[in-house]
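Please find my notes on this model below.

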Amino acid sequence: MSTMYRFAGLDDRPIRVASDAPLIDFTARFFGLWPFDEEGTAIVDLADITIEAIDGGFRLRHGALEGGAQEVPDAAEAANQLVGLLAAEQLARRSDLIGLHAGAAAGPGGLILFVGDSLCGKSTLALQLARRGARFFGDDRLLVAPAGTDNRDVPTGIGLGLTPRMRLPVHEGAGGALAAFVAANSVVEHMDWQGNPIIAYIDLELDTFDAAPFGTMLPVAALVVPHRRDDDPDALELELGSKGDAALAVVRQSTAPGMDAKGHVAAAALIAGSVPCLRLVYGSSAAAADLLAERFGIS
């Protein structure tokens, strides 16, 4: 018999998930600081998302999935995939928001968003800044309201409170201190086909740094487009970048189901056009974080 889980939603409207998978078991592993609780036996017709047991695994159902459904092999993967569906459901309710794949940390002046292609170090940079006194805001997904939304003059980031993750092994440019921190405060989540650990999550319950819970809203202070130089560990340069390049990075790394293509591009341009856009070239994320902390007054 399915259990109904009630996840916090923006505007005080919860997201209900009818699930045969025991989601409470995966609170720390995936949902971090996105609060939810059990409501009792599920009434499937009232659920926004369903997870049903099938032979060999589970089937998730939601309108954001191709064909409306997705099959996964076990409860852990069902919970993992649910993270994206919770964000998609929230976006479906707010056509004025975009979902951004970015790293984010908050300094005294607001959010620093790291936006760029996969493997450019967005997650690592956000975690490095959190280790230097910034407030961790996200390393995978967050929501952004462009300038003008709710009469705000600058874009606003909305945190989802998701558990931070790190690729393993930790990149050598991150330095020994971060590698030791990850080893001491994380649990391996995924292995490759040879049994080697490839992704770990940071246990927020250990309270090793300040992290923003679901629904936290902060103004965006800057967009940083990172370029990691694996061939030059001493590379380090932070300069004003092209707002056009930053807007393009936002478009590539975001979803906006409530907007048509023209509106999506316009929202990305408005986000990039409303704040300083910086280009970061670096070889060591530790050195880059030191430079960013100095630039944004983080201590």
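**Notes on the predicted model**

1. The chain contains seven helices and 19 strands; these are DSSP runs numbered from the N terminus, with helices being H or I of at least four residues and strands E of at least two. Its radius of gyration is 19 Å, close to the 19 Å that the globule rule gives for 299 residues, so the chain is as compact as a globular protein of that length. The radius is taken over C-alpha atoms, and the rule is 2.2 Å times the number of residues to the power 0.38.

2. This is a predicted model, in which local features need pLDDT of at least 70 and side-chain atom pairs count only at pLDDT 80 or more, while totals for chains, interfaces and linings use all residues. Residues are numbered from 1 along each chain as its sequence is written, and side-chain values use heavy atoms, with hydrogens and water left out.

3. Along the principal axes, the C-alpha atoms fill a box of roughly 55 × 45 × 30 Å. Of the 299 residues, 51% count as buried (buried is under 20% relative accessible area, exposed over 50%, partly exposed in between, with a 1.4 Å probe and protein chains only). Among contacts (heavy atoms within 4.5 Å) between residues at least 6 apart in sequence, 70% join residues at least 24 apart.

4. The side chains include 23 positive and 39 negative ones, and the centres of the two sets lie 5 Å apart. Lys and Arg count as positive and Asp and Glu as negative, without His and the chain ends; each charge is placed at NZ of Lys, CZ of Arg, CG of Asp or CD of Glu.

5. The structure holds ten aromatic pairs. Rings of Phe, Tyr and Trp (its six-membered ring) pair if their centres lie within 6.5 Å; planes under 30 degrees apart are stacked, over 60 edge-to-face and the rest tilted. Phe26 and Phe30 form a tilted pair, 6.1 Å centre to centre with 40 degrees between the planes. Phe30 and Phe31 have ring centres 6.4 Å apart and planes at 65 degrees, so this pair is edge-to-face.

6. Ring pairs link Tyr5, Phe7, Phe26, Phe30, Phe31, Trp34, Phe36 and Phe214 into a cluster. Phe26 and Phe30 are both buried; Phe30 has a relative accessible area of 2%. Phe31 counts as buried because its relative accessibility is 0%.

7. Is Ala184 buried or exposed? Ala184 counts as exposed because its relative accessibility is 57%. Ala184 is found in helix α4, residues 176-185. Ala184 and Ile202 are 18 residues apart in sequence and 9.2 Å apart in space, C-alpha to C-alpha.
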